[in-house]
Amino acid sequence: MPRKTAAKRPQPRTPEPHGAPDRLAPLAARMRPRSFDEYVGQQHIVGEGRMLRRLVESGALPSIILWGPPGTGKTTLARIIAGATDAAFVPVSAVSAGVADLRAAVAEARERLQAGGGRTVLFIDEIHRFNKAQQDAILPYVEDGTITLIGATTENPSFEVIGPLLSRSRVFALKQLEPGDIERLLRRAIEDRARGLGDTDVTVDDEALASLAASTGGDARIALNALEAAVAAAAGRDERRVTVDDIEEALQHRTYLYDRAGDAHYDTVSAFIKSLRGSDPDAALYWLARMIEAGEDPLFIVRRMVILASEDVGLADPMAMLIATSCQQAVHFIGLPEGFFPMAECALYLALAPKSNSVGRSYSAALADVQNTRNDPVPLHLRNAVTPLMRQMGYGAGYKYAHDYEGGVVEQQHLPDRVAGHRYYRPGDLGWEGRRKRERDGGRSPGQARRGE
């Protein structure tokens, strides 16, 4: 019989040292801050006297989730915390790791504790990529203290981290770095001879630094690596100087913080819709351009505008729905890049249109009565009498045909008895709807108002 080969057990990860990285590593890795004093930004959580700083300095470190945009220092902060608490730092990437890797890290942490080796910080980068079963696998060991979890995520942990794990962790939100923070990191890298670019004998124009700091969307990693590329290119020229043109060439394209399946996607379209609703055409165009430039599906954007045309413009300007649906047809027909013309036109029209939410309010009021009177019978006079038996039972009896009356309007009960007389539609004061309302309140009959008399 063939001899069976035992499956290899995943090897425990060796805790990473906290010293300086190899010179061959990218500049962003070499310049990674090693202490809170070197750390730039996020002073709302790591500044003197702030909560996270106090927890670390007290040694009573709970499991934590670091939530923030890319390049804001989540991994760096995790390393600093591990170093400041004399903990072994074991990094795991949720992109490539599985349950077996987590179990190996837990086993290593348990052995370390039993040998008196102290705490283990298990750092899970992009923890939102772990499914429920993978997150469940570490829950017992977070709970009993075998490991101290530090999870990093760019997505809202309320949606991406399981409730039991979230309840046992403190969530700290990191903010996008300001251009001033980025520029400070860049200058430090230029001056540092041991880890940075201080020994290259290349000068960097102030304008180039400012341009780079403003062009990376608050991502320090992109900024540092672009600087390294620009300096390397300049080092091979007679004039060893980095200009704005060098920075633009190193970046190739400005960075947009956008993920069509992540928080930035929802946050940006939310800003776009709220700008349209708030009648701000300039902001609407800005957010529209941000989404198009980031590669958002144009039909997704148009669908949102069609919804807004009814939800927020509504009967204040019935043309809004026609404009929005025409935009959908045009974008579907011509696509991008030219599709931005009808999209921008539609966005401007919606932003400038008078607003009314009477459609949604009216439907919600009617729906509430429907849910409370689900089985109320249709009044007999509104039922069609299609057989002799139905006529004998009174179907259609007393029904008034609207066209037989002046203006095509007739007063009769159209609602079930229990909700008779209820008003659901209450018109707004603006645009077409406002004019209809004023005509009604001016004493003219509904029929006269409809005929424009």
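Predicted model: local features only at pLDDT ≥ 70, side-chain atom pairs only at ≥ 80, totals over all residues.

I will go from the whole chain to the sheet, then to a helix pair, and end with some backbone details.

The protein chain has 21 helices and seven strands. Of its 453 residues, 42% are buried. If you take the contacts with a separation of 6 or more, 73% of them are between residues 24 or more positions apart.

Now the sheet. In what order do the five strands of the open sheet run? The order is β2-β3-β4-β1-β5, with parallel pairing. The edges are β2, residues 88-93, and β5, residues 169-173; each has a single partner strand, so one side of each has no neighbour in the sheet. On average, neighbouring strands are turned by 20 degrees against each other, direction ignored.

Strand β3, residues 120-125, and strand β4, residues 148-153, are joined in the parallel sense by five bridges. To find your place, look at I124, whose bridge partner in β4 is G151. Helix α5, residues 99-114, lies across β2 and β3, and its direction is at about 165 degrees to β3.

Next, a residue in strand β1, which covers residues 63-67: L66. Is L66 buried or exposed? L66 has a relative accessible area of 0%, and with the cut-off for buried at under 20%, L66 is therefore buried. Leaving out residues up to four places away in sequence, L66 touches K74, L77, A78, I150, G151, A152, T153, F172 and L174. G151 has already come up, as the bridge partner of I124. L66 and D125 are 59 residues apart in sequence, and their C-alpha atoms are 9.6 Å apart in space.

On to the helix pair. Helix α15, residues 298-313, packs with helix α16, residues 319-334, at an angle of about 170 degrees, and the axes are 8 Å apart. Why is α15 called roughly antiparallel to α16? Because angles over 145 degrees count as roughly antiparallel, α15 and α16 fall under that heading. On the α15 side, the contact is made by P298, L299, V302, M305, V306, A309, S310 and V313. On the α16 side are A320, M321, A324, T325, C327, Q328, V331 and H332. By type, the residues of this contact are 12 nonpolar, four polar and no charged.

Last, the backbone. Most residues other than glycine have a negative phi, and most peptide bonds are trans. Where is the cis peptide bond? The cis bond joins L336 and P337, with omega at about 10 degrees. P337 is in the loop between α16 and α17, the latter being residues 340-352.

Two residues have a positive phi to look at. Q42 is not a glycine, yet has a phi of about 60 degrees. Q42 is in the loop between α1, residues 27-30, and α2, residues 43-46. Its relative accessibility is 6%, so Q42 counts as buried. E126, also a residue other than glycine, has a phi near 55 degrees. E126 is in the loop between β3 and α6, residues 132-143. At 24% relative accessibility, E126 counts as partly exposed.

That is the tour. I can go back to any part of it.

Methods:
Residues numbered from 1 in each chain as written. Heavy atoms only, no water. Pairing = 2+ DSSP bridges. Helix = DSSP H or I, 4+ residues; strand = E, 2+ residues; numbered from the N terminus. Axes fitted to C-alpha atoms, helices over the stretch in contact; angles between N-to-C directions. Contact = heavy atoms within 4.5 Å. Parallel < 35°, antiparallel > 145°, perpendicular 65-115°, else oblique. Nonpolar A, V, L, I, M, F, W, Y, C, P; charged D, E, K, R; others polar. Buried < 20%, exposed > 50% of the residue type's maximum accessible area, 1.4 Å probe, protein only.
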